[in-house]
Amino acid sequence: MQYVTPDLCDAYPELVQVVEPMFSNFGGHDSFGGEIVTIKCFEDNSLVKDQVDLDGKGKVLVVDGGGSLRRALLGDMLAEKAAKNGWEGLVVSGCIRAVDVIAHTALGVQALARHPLK
């Protein structure tokens with residue numbers, strides 16, 4: 001059985017929490033889901049690198065980057081590593097770079113914006 005988010009929102013309005021529409025899709029997969037793994041970092045992607053090096057099968061990495069628009073927390077090399085290690089996707093409260101390459105990566109990626117600086 002397959003569920004879609006609007007149906008879950010209708011069926012369980014008291015249980016489903018939805019993020020305000022502030023993220024844009026940058027990944028090769030438009031939709032994704034899984035067990036949530038969270039990290040918090042600010043303008044330093046070393047924790048992102050550590051996480052995508054791990055087995056991510058069936059998981060989504062949520063990166064609390066403090067909403068910074070001054071540095072990218074994900075680029076093409078880390079996105080490709082995440083896809084290779086089975087991550088379903090990443091949600092980044094911050095910026096990403098190399099979006100043209102990430103768009104062709106077998107990974108869901110949502111972020112606030114693009115920024116060229118790592």
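Is V16 buried, partly exposed or exposed? With a relative accessible area of 30%, V16 is partly exposed; the term covers values between buried (under 20% relative accessible area) and exposed (over 50%), found with a 1.4 Å probe and protein chains only.

The model shown is predicted: local features need pLDDT of at least 70, side-chain atom pairs count only at pLDDT 80 or more, and totals for chains, interfaces and linings use all residues. Residues are numbered from 1 along each chain as its sequence is written, and side-chain values use heavy atoms, with hydrogens and water left out.

**View 1. A nonpolar patch on the surface includes V16.** The residues M1, Y3, L8, Y12, L15, V16 and V18 make up this patch, and together they have about 800 Å² of accessible area. Such areas come from the Shrake-Rupley method with a 1.4 Å probe, and for residues only the protein chains shown count as cover. Patches are made of residues with over 30% relative accessible area and no salt bridge; like charges are joined within 9 Å, and nonpolar side chains (Val, Leu, Ile, Met, Phe, Trp, Tyr) within 5 Å. V16 lies in the loop between α1 (5-11) and β1 (24-25). Helices (H or I, at least four residues) and strands (E, at least two) are DSSP runs, numbered from the N terminus.

**View 2. Strand β5 pairs with β3, β4 and β6.** Six of the eight residues of β5 (residues 89-96) are buried. Two strands pair if DSSP finds at least two bridges between them. Strand β3 (residues 59-64) runs parallel to β5 over five bridges, and V60 has G89 as its bridge partner in β5. Strand β4 (residues 72-74) is also parallel to β5, with two bridges; here L74 stands opposite I96. Six bridges connect β5 with the parallel strand β6 (residues 108-114), where Q110 is opposite V91.

**View 3. Salt bridges link K49, D53 and K81 in a network.** A salt bridge is a side-chain nitrogen of Lys or Arg within 4 Å of a carboxyl oxygen of Asp or Glu. Between D53 and K49 the closest N and O atoms are 3.5 Å apart, and between K81 and D53 they are 3.3 Å apart. The second pair links distant parts of the chain, 28 residues apart: K81 in helix α3 (residues 76-84) and D53 in the loop between α2 and β3. K49 is partly exposed at 43% relative accessibility.

**View 4. The side chains of R70 and E43 form a salt bridge.** The N to O distance is 2.6 Å. R70 lies in the loop between β3 and β4, and E43, 27 residues apart from it, in the loop between β2 (35-40) and α2 (46-52).
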